[in-house]
Amino acid sequence: MDYFKYCPWDGYRFSENDVQCFICRRPKYQLTSYIQEEQEQKKWEKILYEKQPYDDNYIDETFLQSVQKQDNTNNGPDYKQLISKTSDLIFAVNCVVFYLLSYFLMLHDMVNDQLQLYFWLVAAITCLIMFSVVKKMKTLEILSNFKSIGIYISILLLFAPVMQTVNQTYADNTIYVLTSVAILIYIFLKDYDYEKDFTELDVSQWASLVFSSLLASRLHNELQVFLMIFASNLLFIFVPILQRSIKQKYNSVFRVINLISTIGLGLSLLFFSYFLALLFFGCVFFITFVSPLQIIWLYQYKNTIRGPWDLPNVKQYD
Amino acid sequence: MVNICLICDFFYPCLGGVEMHIFQLGLCLIERGHKVIVITHRYQGRSGVRYMTNGLKVYYCPFIPAIQTVVLFTYVGTLPIFRQILLREEIHVVHSHAATSYLGGELLLHAKSMGFKTVFTDHSLFAFNDASSFHVNKILKYILCEIDHSISVSHVSKENLSMRASLDPRNISVIPNAVDCSRFTPNPQKRYPLNTINIVVICRMTFRKGVDLLVDVLQIICKQHPEVYFIIGGDGPKKRILEETIQRYNLQNQTELLGSVPGHQVKDVLNRGHIFLNTSLTEAFCIAIVEAASCGLCVVSTNVGGISEVLPKNMVLYADPNPEDICQKIVQAIPIAKNFQVYQQHELIKKMYSWEQVAERTEKVYYKILQTQNQTILKRFKDCYSNGQIYGLYLMILLILDLIFLRILDFLQPHQTIQKSGIFNKIYKNQKEKFGDHQFKAQQQI
């Protein structure tokens, strides 16, 4: 007695021992209950240009044979690969924590403003030099970039008083709630693939501009406001571009930088609060080692059905 | 005689495969003695009741399209007017077309509540792994869970529909599209330019129609075969890429971009070619290749979706959807195209596809469902609940609302008080010449 090879409702492939569909629980029907008697009839063909001696709702045994169901139980993602992929997320978290740390130092005047200014300028110049080296830029291009940064700093200095006062009337609670939301948007909507070249700001980068301008309104002077926004643009817009370039050519260098920055940040948090340091290390551990395990576990439930209706992979022109 | 209501968001003055299908099916069903009306939403300059060629009555209902030419799914918003039309026209069967037409979906649900028989025809293929398809499939499953019968335009489409909407495949019939072969006749004398192999491409310039593949094919073929001349018609977002490619590789002498081609000029463009190239990435049933074959062209097409079911292998060269294989098949087609039996092919296509056959087979579906019993309320609730525990509950509430609204409308305007419309068929059959020119002249541009 012949039975259906695939469930007609969801494409589940029946094994010999199955009596019902694993997914929809419908029974495994006999082909004879569906297929018409083929008494002296021409064999059915999957064609439209010829009227065949079968009803229009006829179901052949080849029904759904073109459907391919991907078995995900053995083809799950590799744990090591997943761990290496989490490095991008860790780096983004590091940037945010580092930014908040410098904000905290400024807010409580724990570090001299001049020192902070020198630090961020040196950081910007270092990043630019690294970018020029990685991209193998010519001297003229490097000088042009320095010129652009000079213009950008001038504009930012002009706007610093505006940025300080624009959100000043809002309550502290409102500012910190909005900042938290914007940080979450930045983390969740950030483009971690880095497949496209930078052309314009995406949603996450706009979110970074929002939370930096919100936080800047709580600071004490215009220099601090300038530094906060400058640091935000450096960490959340320029550093990802640099990160992409380094990752493409020197992936191991990126991993080393990531590891050092994570340990350094965690240790520096120890000076402020043991709880925060513990939370940071716990978060890093969860993202790096636990979440890949969750993805592997969830992958067994991923139901991939492919058929002739799927679009083929074709190179697209923009 | 069956009173049939065809409904879809897509209808004249828009022109495409679905619109043409509804129009031709309606005409042929009228020819076979049935009463047919079409319901669609208003179009610019068209609102109210219109009679089209051969007395096809069209209700352009006053609903404003939300996105492109599709109205928003409001569920009960359309009920009063649909109830009026269905009762006034004494409809027996409601036949909706296209999965993305929510006007049709709404009427199917109301029609079941009012006790009419329902049929749905699917014209497109949808995948299971992208967000838009996921949502379309979810809504389609809800709309079709109570359907009496469904129709697919190809066998692949039947498999696709059965999985997307969780339908019993026994309740899906395969009735292909057709082509009016009298409008697509061969004329080798019109081939121009002379002493070249003319390859015709007519499609919307979109990703799904494989314009990215065409860009690659154009570069390779024009470089390897200087005798080849491309005639490309159609408009869309990807047209700019083609223009850029032609300029960058200096292909101006070997290509001709026609832009939008009005429907009634498609035949003239096809007649200029030896080979027709179709690079679609997905198709449930590709009417374009049947039209080209009817005009006597040698067809080269990507083998995707239900395309391989449409024409016999001696009429078409199937290629994998990659530029290398398409180029290889074009190279194979060049010597064949020069010695093609164009008139013989046209006669064969005429026998394969006709709208009369489509109407006859659709009519069988109508007669079949008219013999079946209507579903009980309890069965309808069960069907709704089968969509999921929370979603199913929500659908059950919608169904209850629909039934309550119907009772209110029945109370406010009992169906006995609704004036019945006259039957056009008898007058038309006696004096055919008086009504229209019996020719469908397409004004919409491709």
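In strand 2 of chain B, Val36(B) is the bridge partner of Ile4(B), and the two strands concerned, strand 1 (residues 3-7) and strand 2 (residues 35-41) of chain B, run parallel and are joined by five bridges; strands count as paired if DSSP finds at least two bridges between them. Helices (H or I, at least four residues) and strands (E, at least two) are DSSP runs, numbered from the N terminus. Strand 1 of chain B is mostly covered, with four of its five residues buried, where a buried residue has 20 or more other C-beta atoms within 10 Å of its own, an exposed one 12 or fewer, and a partly exposed one a number in between, with C-beta atoms placed from the backbone.

This is a predicted model, in which local features need pLDDT of at least 70 and side-chain atom pairs count only at pLDDT 80 or more, while totals for chains, interfaces and linings use all residues. Residues are numbered from 1 along each chain as its sequence is written, and chains are lettered from A and ligands numbered from 1 in the order in which they are written.

Chain B is assigned domain 1 (3-178 + 356-434) and domain 2 (181-352), with bounds that come from an automatic or database domain assignment. The centres of domain 1 and domain 2 of chain B, taken over C-alpha atoms, are separated by 34 Å. Their contact takes 12 residues from domain 1 of chain B and eight residues from domain 2 of chain B, two residues being in contact if their C-beta atoms, placed from the backbone, lie within 7 Å. On the side of domain 1 of chain B that touches domain 2 of chain B, the largest share, three residues, comes from helix 5 (residues 155-164) of chain B. By class, that side of domain 1 of chain B has five nonpolar, seven polar and no charged residues; Ala, Val, Leu, Ile, Met, Phe, Trp, Tyr, Cys and Pro count as nonpolar, Asp, Glu, Lys and Arg as charged, and the others, Gly among them, as polar.

The UniProt record, an unreviewed entry, places "domain: PIGA GPI anchor biosynthesis" at residues 41-130 of chain B, and over residues 41-130 of chain B the chain is 24% helix and 26% strand. For "domain: Glycosyl transferase family", UniProt (unreviewed entry) lists residues 196-334 of chain B, a stretch that is 36% helix and 22% strand, with its end C-alpha atoms 10 Å apart. UniProt positions are given in the numbering used here, feature names are shortened, and annotations may be inferred rather than shown by experiment.

Between the chains, 37 residues of chain B are in contact with 28 residues of chain A. Helix 5 of chain B gives the most to the side of chain B that touches chain A, with six residues, and by class this side has 22 nonpolar, 10 polar and five charged residues.

Chain A has nine helices and two strands. Its UniProt annotation "transmembrane region" (unreviewed entry) covers several stretches, including residues 146-164 and 225-242 of chain A. Over residues 146-164 of chain A the chain is 100% helix, with the end C-alpha atoms 26 Å apart, and over residues 225-242 of chain A the chain is likewise 100% helix, with a corresponding separation of 24 Å. The C-alpha trace of chain A spans about 95 × 50 × 45 Å along its principal axes, and buried residues make up 20% of its 318 residues.
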